[in-house]
Amino acid sequence: MDLRTFRANTMSAALTEVKQEMGPNAMILHTRTIYKPRWLGLRKREMFEITASRNVRVPDRTPRSQTQARPVPQPLRPPAEAGRQLLESPAGQNVAMIGLISELNGLKGLVKELVVRSDRIRCPEIPEELFDFYNHLIQNQVAEELAATMIKTLQKQIRPEHARQPEFIKLKLTEQIERLLPTAGPIVRTKTTGPHVVALIGPTGVGKTTTIAKLAANLKLREKRRVGLITLDTYRIAAIDQLRKYADILGSPLKVVGTAEETAAAVRSMDDCEFILIDTAGRSPNDALKLSELKGLLAAAKPDEVHLVLSTTASEKCVDLAITRFSEVRVDKIIFTKIDEAAHVGVVLNVIHKLNKSLSYITTGQDVPDDIEVGKAKRLAQLILGGSL
Ligand SMILES: Nc1nc2c(ncn2[C@@H]2O[C@H](COP(=O)(O)OP(=O)(O)O)[C@@H](O)[C@H]2O)c(=O)[nH]1
Ligand SMILES: [Mg+2]
């Protein structure tokens with residue numbers, strides 16, 4: 001079969017090429033729209049592709065001389081019937097489909113244009129030539145106000161011709177993200193006697209227990225430190241079993257406690273450890289009673305640092321509520337989990353910037369102990385500005 005593929009910027013340009021190269025009777029076998037990505041995935045370019053052939057047999061359009069070999073003579077059809085059959089033939093349907101596709105593409109372009117225009121109306125302060133970069137930040141969930149501030153700062157740093165140099169703009173935005181996103185570095189023990197006590201708090205299911213296991217395994221196996229584990233999560237048997245499994249594998253002591261006295265006693269009993277990691281039950285941010293109970297238990301443990309664990313996959317509303325409520329307990333640093341599952345990670349920048357707390361770790365998967373990284377602004381900038389994990 002004489003099969004050929006044609007690509008052009010519009011469907012009608014592709015059709016013209018088909019006609020020129022293969023003649024007016026060419027049969028369209030397949031059409032599709034291809035999207036070619038540009039820098040940072042902004043405004044993908046549309047291409048139209050047509051696959052056509054010169055010599056596919058379509059029975060109803062075959063010249064009379066070629067139909068003579070048919071075993072049974074065909075009755076003559078009335079013109080309307082022939083028209084209907086032509087429409088229902090693959091060729092007819094392809095032509096109808098092409099018409100629909102090009103109309104749809106026209107509409108899509110129009111909607112896109114309208115969205116961009118209305119965004120521009122909403123943010124008149126964003127200069128035209130930097131609008132795509134602003135849009136990219138917004139699409140990655142950077143808060144609108146913060147994105148606008150970043151673009152205005154960028155405008156002061158660059159000359160107009162730089163707007164056409166995406167790599168340069170990326171560098172400048174990375175520098176800004178590094179300034180906006182303070183990081184805490186890894187957990188370190190600065191005292192010379194007694195354990196360094198670290199507690200993780202946060203909503204249910206964000207990954208606190210898994211993160212405790214990752215931290216404990218890294219301290220124990222990579223840094224050869226003596227690590228003790230305490231869990232205040234006495235609500236669910238499964239939660240205790242989960243941590244016990246890791247404590248057994250690591251050969252670390254584990255205490256399960258439910259009262260302030262038990263908590264203080266557990267910390268004292270691990271006096272020979274260099275680090276004590278405290279896991280807590282995920283309290284619902286709405287449950288004020290349990291939150292104040294958590295506050296009491298934590299106070300008894302006298303932690304050196306308390307990390308609030310937040311999931312990148314949670315909605316901004318959930319994250320905001322968790323921050324408000326858990327701040328009443330105590331928050332020194334922030335851990336963001338499930339970066340691997342998040343569609344966009346701008347929320348990390350928004351939260352850290354708004355709270356003025358530093359980012360300690362990010363977690364990037366379910367595997368203990370590997371899927372954890374010390375929070376680095378450059379890494380986050382890469383993720384926000386288009387890098388992938
Ligand atoms: N994809 C992904 N899943 C995670 C990550 N951290 C934890 N999880 C999963 O999230 C679920 C809840 O974790 P868990 O540690 O029990 O949460 P907790 O209720 O806060 O203690 C489990 O299925 C974990 O395997 C992460 O970084 N990425
Ligand atoms: Mg847990």
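These legends describe close-up views of a predicted model. Residues are numbered from 1 along each chain as its sequence is written, and chains are lettered from A and ligands numbered from 1 in the order in which they are written. Local features need pLDDT of at least 70 and side-chain atom pairs count only at pLDDT 80 or more, while totals for chains, interfaces and linings use all residues; side-chain values use heavy atoms, with hydrogens and water left out.

**View 1. Helix H1 spans residues 11–22.** Helices (H or I, at least four residues) and strands (E, at least two) are DSSP runs, numbered from the N terminus. H1 has twelve residues and reaches 16 Å from its first C-alpha to its last, close to the 16 Å expected at 1.5 Å a residue (1.5 Å times one less than the number of residues). Gly 23 follows H1 and has a positive phi, near 85°.

**View 2. The two sides of H1.** Met 11, Ala 14, Val 18 and Met 22 are buried (under 20% relative accessible area; exposed is over 50%, partly exposed in between; 1.4 Å probe, protein chains only). Seen down the axis of H1, the buried residues fall within an arc of 65°, so they line one face of the helix; the arc is that of the directions from the helix axis to the C-beta atoms. Lys 19 and Gln 20, on the other side, are exposed.

**View 3. Strand E4 covers residues 196–201.** Six of its six residues are buried. His 196, Val 198 and Leu 200 lie on one side, and Val 197, Ala 199 and Ile 201 on the other.

**View 4. The partners of E4 are E7 and E8.** Two strands pair if DSSP finds at least two bridges between them. E4 pairs in the parallel sense with E7 (residues 275–279) over four bridges, and His 196 stands opposite Phe 275. E4 also pairs in the parallel sense with E8 (residues 305–311) over four bridges, where Ile 201 stands opposite Leu 308.
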